[in-house]
Amino acid sequence: MTRLTSAAMLAAGLLAGAGSAYWYFHATVGEHAAPGEMAMSADAGKSAERKVLYYRNPMGLPDTSPVPKKDSMGMDYIPVYADEDADDGTVSISPGKVQRSGVRTARAEKRVVSRDVRSAGTVEHDESLLTIVTVRSDGYIEDLFVDKTGQEVTKGEPLFRFYSSQIQLAQADLLVALRAQGRGRRDLDGAIQKMRNLGVPQSRIDEVQQTKENPRTLDWPSPTTGDVTSKSAINGQFVEAGEELFRIADHTRMWVIAEVAEADIGDIAVGTPVTVTLRAFPNEPIEAEVGFIYPEMRKLETRTIPVRIVLPNEDGRIRPGMYADVVFHPGEKTGPVTAVPTSAVIDSGTRKTVLIAKGDGKFEPRAVKLGRRGDGYVEVLDGVADGDEVVTSATFLIDSESNLKAALRNLEPQEAGQ
């Protein structure tokens, strides 16, 4: 038995993973289907046309022979021809083996690689349509017209009746300025501005100028149309300047805040098309687009990034707190890219490779840089050009053949020197 050198022992390690796969490859395609005598006579016939470099162990073991032989199980050693042992980085396989092993190819071409991103969302108020009702002077609420949370109000509708000594004093100043209007416009303008500074609505200012009276109380109007989401005003309450009394939300437009996983946020941008399906209305999906991506991640809670989607709500059916299922469609925004089927990629964990079919049974392993995935395809950023034929099936068998030949080339010169 030939003693293995240190190089042979290293090659044995390389062959450990590829050997069994390579034996399976040849067993599958019928490499050993013929009897020993027929295989050896075929090798002799081929040798007239193709030069045999050596014969290797059919089980992938680090053992070669310069002449035909059998292993301990009676299997013929496999000839390695000179044209199969090219050192140009390609793998050569006979056309018959290619056909029997089920090798299939596909052309790398431009296509839209769409991978929908799914997430869950919650309906929230549109923050730009929230209004807080407050007063700019101390006073008393003498009567409360809107006394329930959730009550709908319209712009100009009175919310409460308010008494303020500061507002009464400002009204008196306005009356004095009106009586002295002949002496100059400056005093009148200053009195009007003082009332505006106290938040007195223009309708009350006009009323005082027309009636020349000083009303004791003021019916405070709603500054907007919407629903009362918060109420802290109570009938008879003393309020201080700046104290929040009501919070009113305009629900004609709503926000959906979707929580997108950290690994998916790179595919989403402002303007990305999105389909929102409210669980309250599962048969009525709404087509929209991403309006805003928040700058901070929810680090401790979910490791997600909030994404805002704006929905119209003229009929008022969408309510805060509703759950929504959100599907982002990033591929529709990016356009066609060079892509290959995902089955064409050989991922070793440290590098990604595809096999380029060169014709006549030759295959070139080529390292690639990949992008987004979707619909059974993967974007190729570097390593493959449009029109290249890539292997999509039997890639594992061809890769095993390549690894085995590389190991035997490293082993054979060492054994020849023994």
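Modeller: Start with pairing: two strands pair if DSSP finds at least two bridges between them. In this predicted model, three bridges join E21 to strand E26 (residues 377-382), and the two run antiparallel.

Biologist: Which residue in E26 is the bridge partner of Val340?

Modeller: Val378 is the bridge partner of Val340. E21 is also joined to strand E6 (residues 109-111), by three bridges and again antiparallel. There, Lys110 has Thr338 in E21 as its bridge partner.

Biologist: Why is strand E21 called largely enclosed?

Modeller: Buried means under 20% relative accessible area. Five of the five residues of E21 (residues 337-341) are buried, so the rest of the structure largely encloses this strand.

Biologist: What makes E12 and E14 edge strands?

Modeller: Take the sheet order. Four strands form an open sheet, E12-E11-E9-E14, with antiparallel pairing. E12 and strand E14 (238-239) each have a single partner strand, so one side of each lacks a neighbour in the sheet.

Biologist: How many bridges join E9 to E14?

Modeller: Two bridges join them. The cut-off is at least two, so E9 and E14 count as paired. One example is Tyr140, whose bridge partner in E14 is Phe238.

Biologist: Now the rings. Why is the pair of Phe160 and Trp220 called stacked?

Modeller: The whole structure holds six aromatic pairs. For Phe160 and Trp220, the ring centres are 6.2 Å apart and the planes stand at 5 degrees, so the pair is stacked. The cut-offs are centres within 6.5 Å and planes under 30 degrees apart. The pair also links distant parts of the chain: Phe160 is in strand E11 (residues 158-163), Trp220 is in strand E12 (residues 217-221), and they are 60 residues apart. Both residues are buried.

Biologist: What makes Phe292 and Tyr294 an edge-to-face pair?

Modeller: Their ring centres lie 5.2 Å apart and their planes stand at 80 degrees, so the pair is edge-to-face. The label needs over 60 degrees.

Biologist: Are Phe292 and Tyr294 buried or exposed, or what lies in between?

Modeller: Partly exposed, for both. Phe292 has 32% relative accessibility, and Tyr294 has a relative accessible area of 24%. The band runs between the under 20% and over 50% cut-offs.

Biologist: What places Arg111 over the face of Tyr377?

Modeller: Arg111 lies over that face at 3.8 Å from the ring centre. The distance limit is within 6 Å. Arg317 lies over the face of Phe281 in turn, at 4.1 Å from the ring centre.

Biologist: Which residues have the most contacts inside the largest nonpolar core?

Modeller: Phe160, Leu174, Trp220, Leu245 and Phe246, in a core of 31 residues. The elements that give two or more residues to this core include E11, E12, strand E9 (139-144) and helix H5 (186-197). H4 gives the most, with six residues. Apart from this core lies another, of 22 residues, among them Val117, Val123, Met322 and Ala324.

Biologist: Which residues beyond its sequence neighbours does Trp220 touch?

Modeller: Leaving aside neighbours within four places in sequence, its contacts include Val133, Val135, Pro158, Phe162, Ile167 and Leu198.

Biologist: What share of the protein chain is buried?

Modeller: Buried residues make up 42% of the 418 residues. The chain has eight helices and 27 strands.

Terms used
Residues numbered from 1 in each chain as written. Predicted model: local features only at pLDDT ≥ 70, side-chain atom pairs only at ≥ 80, totals over all residues. Heavy atoms only, no water. Buried < 20%, exposed > 50% of the residue type's maximum accessible area, 1.4 Å probe, protein only. Lys NZ or Arg CZ within 6 Å of the ring centre and 35° of its normal. Core = buried A, V, L, I, M, F, W, Y, C linked by side-chain atoms within 4.5 Å. Contact = heavy atoms within 4.5 Å.
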